[in-house]
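Walk me through this model.

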Protein chains: 2
Amino acid sequence: MTGKVERQDLLRFVERFAMGLTEVGLPRMPARVFAYVLVDDAERYTAAELASGLRVSPAAISGAVRTLVQAGLLGKEREPGARVDTYRVYDHDIWGVITTQRGKSSEPIEQLAAEGVALLGPDSPGGRRMRETQEFYAFFRRKLPEILDEWHEYRRKLFDAHADADTGSG
Amino acid sequence: MTGKVERQDLLRFVERFAMGLTEVGLPRMPARVFAYVLVDDAERYTAAELASGLRVSPAAISGAVRTLVQAGLLGKEREPGARVDTYRVYDHDIWGVITTQRGKSSEPIEQLAAEGVALLGPDSPGGRRMRETQEFYAFFRRKLPEILDEWHEYRRKLFDAHADADTGSG
DNA sequence: GCAACGTTTCACAAATTTGTGAACGTGCAA
DNA sequence: TTGCACGTTCACAAATTTGTGAAACGTTGC
């Protein structure tokens, strides 16, 4: 059971998962790369490994990893003594990191909504809607850390379940 | 104060706000239309009004409103006796509705992640990451109603503050 | 029936995005 | 210095998305 997965099947799945990620806003190639590092087993990848693993040109990787690193979804590291950079997913709390990033990416809208209130005045229907928009985003931004704390706790329980039950300080 | 807003300024703002919305995944024209109905003061719009208001062709409106209605961001109604459809934003709790929709739109990823666990097995690094992905999305999906309840309560307080303090049934 | 009106569909042009091959730069090794 | 492996940048071709004008459609009112 859980025998070796056919490379072809894995890549097909990577492709589908990547398309799912594009729905949440990631451009196509970054989505592919990210899906790949999530799904495949290695801890780190050089750009060349990503290219050959995904069967795309190194050129396509270059732009994609920059996007992902900038977005904070991928770490860029260099092994001591090595002469190439390696990329890795933040293995602990992948989605906490992503969610935090996404929270930041909504700040522009919050800001824009504030401008809208100023432009339209707080008493016009449009102005009220902008006010509501601004408040909603602000609410969510404030709320996010709390939600993520809960997630962390839940996550810990979930993945500690396999460990001994009474490791009090673990 | 809060004098009449120049049409030009309003449209410019609509355009900027729409671009902000595209960052969250809305295609361009739907984003424009949605920004417009949020920002402008009317309660309802015919397709023709949207077209002339936004200075785009009626053809462009047609597709955009279908997207928005389907996504649940815009209501399509017909005034009794009228012979044209009108579109309106759900004026009460705009962002609650949107957030609910967005929550639904993440179900495919959750599903995909589950497939990933099945494909890769729960003990490989990739499989574990898929498991974590699946759990995260499930967690968020379960959490969302609670968050939105809090938002509703907060929202109510916020917008009731302007009313008389003791209008019990108002 | 048929003219008037508003909306949708269709085919196409323009603009944007996507991914490639090829050239270039960098650092190590012989 | 030369050779080599890797990564990035650049220019271009292919594919996709976007928005339009024109025609088709359906509904109302005469």
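The surface near DNA strand D is made of ten nonpolar, three polar and two charged residues. Near means that a residue's C-beta atom, placed from the backbone, lies within 6 Å of the strand. Ala, Val, Leu, Ile, Met, Phe, Trp, Tyr, Cys and Pro count as nonpolar; Asp, Glu, Lys and Arg as charged; the others, Gly among them, as polar. The model is predicted: local features need pLDDT of at least 70, side-chain atom pairs count only at pLDDT 80 or more, and totals for chains, interfaces and linings use all residues. Residues are numbered from 1 along each chain as its sequence is written, while chains are lettered from A and ligands numbered from 1 in the order in which they are written.

In total, 15 residues surround DNA strand D. A:Ala48, A:Ala59, B:Met29, B:Ala59 and B:Ala60 are the closest. Two or more residues each come from helix 3 (47-54) and helix 4 (58-70) of chain A, and from helix 2 (28-39) and helix 4 (58-70) of chain B. Helices (H or I, at least four residues) and strands (E, at least two) are DSSP runs, numbered from the N terminus. Helix 4 of chain A gives the largest share, three residues.

Now chain A itself. It has seven helices and two strands. From the N terminus, their order is α-α-α-α-β-β-α-α-α. The C-alpha trace spans about 65 × 50 × 35 Å along its principal axes.

Helix 2 (residues 28-39) of chain A holds A:Ala31. A:Ala31 is buried because 24 other C-beta atoms lie within 10 Å; the cut-off is 20 or more, with C-beta atoms placed from the backbone.

Methods:
A residue is buried if 20 or more other C-beta atoms lie within 10 Å of its own, exposed if 12 or fewer, and partly exposed in between; C-beta atoms are placed from the backbone.
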